[in-house]
Amino acid sequence: QVHLQESGPGLVKPSQTLSLTCTVSGVSITTAYYDYMWFRQTPQRALEWIGARKFNGNYYYNPQLRNRVSITRDTTRNEVTLRLSSLATEDTGVYYCARDDNYHIENWGKGTLVIVSS
């Protein structure tokens, strides 16, 4: 059974960099045509797409965030990591990782709450 689990700090300070890890079980993250994405839900916005790491190693970022975003993968650990730099309080929200087949999202993590506060 495919399972995605987000993990990382629940509280980070403004100006710091957030690092969240999506641990994938039940399937290899290199399986062809399946991609991994990050979303977030903030108090100010509806669900917002952050970016994607493709199965072939390519990546795509939300242009509103791309200067601050890095999504990487560790194929040995079967993990996908989100890094979001220059944090502000507006980055507070619930962050989700997801898996899709290029047509629709098949799996979601349950999300992890991140609070940016001094």
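Are arginine 40 and aspartate 91 buried or exposed? Both of them are buried, where buried means under 20% relative accessible area, exposed over 50% and partly exposed in between, with a 1.4 Å probe and protein chains only.

A quick word on the model, everyone. It is a predicted one, where local features need pLDDT of at least 70 and side-chain atom pairs count only at pLDDT 80 or more, while totals for chains, interfaces and linings use all residues. Residues are numbered from 1 along each chain as its sequence is written, and side-chain values use heavy atoms, with hydrogens and water left out.

Back to our pair. Arginine 40 and aspartate 91 form a salt bridge, with the closest N and O atoms 2.8 Å apart; the term means a side-chain nitrogen of Lys or Arg within 4 Å of a carboxyl oxygen of Asp or Glu. The two sit 51 residues apart, arginine 40 in strand S4 (residues 35–41) and aspartate 91 in the loop between strand S8 (79–84) and strand S9 (93–100). Strands here are DSSP runs of E, at least two residues, and helices are runs of H or I, at least four, numbered from the N terminus.

Aspartate 91 also meets arginine 68 in a salt bridge, at 2.5 Å from N to O. Arginine 68 lies in the loop between S6 and S7, 23 residues from aspartate 91. Because its relative accessibility is 22%, arginine 68 counts as partly exposed, whereas aspartate 91 is buried at 3%.

The whole structure holds six salt bridges. Thanks, all!
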